[in-house]
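Welcome, and please load the model in your viewer. We will go from the whole chain to a few single residues, one selection at a time.

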Amino acid sequence: MEEASGGPDQVLGARVTLTALDPGRKTELAAALAALMPEPPSSPGDAIPLLVLETPSREEASSAFDILEEAGGTVSIERVWVDRGAGAGRTVCPSCGSKHTQPFGHAGPAARVNTKCIDCGHLFKVIGAR
């Protein structure tokens, strides 16, 4: 079966997800997550499974995979279609760490720009957005 193609602004990249961890190595894993994620969770065990990275660079994904495995994590890596400028434009969900977020505006006199996570459904406001 052939893979569906991505959109015109997408390339085939990789998604790195932390699926399990060695409970005795939480501090090592937290340090590895801090190096890889802009806003890592305070306790890695509470956020499993955790989307760590979604990038158009398979080399970057492979490097993240190795770093997390060395720190005591069980990691999955899969090929996915990602935006060419991955990391730019999309806000990371503060609840689950996903970059699958969608900004939307509310019409009216007190209009606010909110963002909703497509993966977990969390609705949040991006500070500084208007």
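Helices (H or I, at least four residues) and strands (E, at least two) are taken here as DSSP runs, numbered from the N terminus. With cartoon display on, follow the chain from its N terminus: the elements run β-α-β-α-β-β-β-β, that is, two helices and six strands. What you have open is a predicted model, in which local features need pLDDT of at least 70 and side-chain atom pairs count only at pLDDT 80 or more, while totals for chains, interfaces and linings use all residues. Residues are numbered from 1 along each chain as its sequence is written, and side-chain values use heavy atoms, leaving out hydrogens and water.

Next, colour by accessibility. Buried residues (under 20% relative accessible area; exposed is over 50% and partly exposed lies in between, with a 1.4 Å probe and protein chains only) make up 29% of the 130 residues.

Centre on V52: leaving aside residues up to four places away in sequence, V52 is in contact (heavy atoms within 4.5 Å) with V16, T17, L18, L33, L36, M37 and L68.

**S98 in its loop**

Move on to the loop between β3 (73–83) and β4 (101–105), where S98 lies. S98 is buried, at a relative accessible area of 1%. Which residues does S98 touch, not counting those up to four places away in sequence? They are L51, T91, V92, C93, C117 and D119. The side chains of S98 and D119 are joined by a polar contact of 2.5 Å; the term covers a pair of N or O atoms within 3.5 Å, where, within protein, one must be able to donate a hydrogen and the other to accept it, and residues adjacent in sequence count only if both atoms are side-chain atoms. A polar atom of the S98 side chain also lies 2.9 Å from the backbone nitrogen of H100.

**The cysteines**

Finally, show the cysteine sulfurs. A disulfide, taken as a pair of cysteine sulfur atoms within 2.5 Å, is found zero times in the whole structure. For C93, the nearest cysteine sulfur is that of C120, 3.7 Å away; C93 is buried at 2% relative accessibility. C96 is partly exposed at 22%, and its closest cysteine sulfur, in C117, is 3.6 Å away, too far for a bond.
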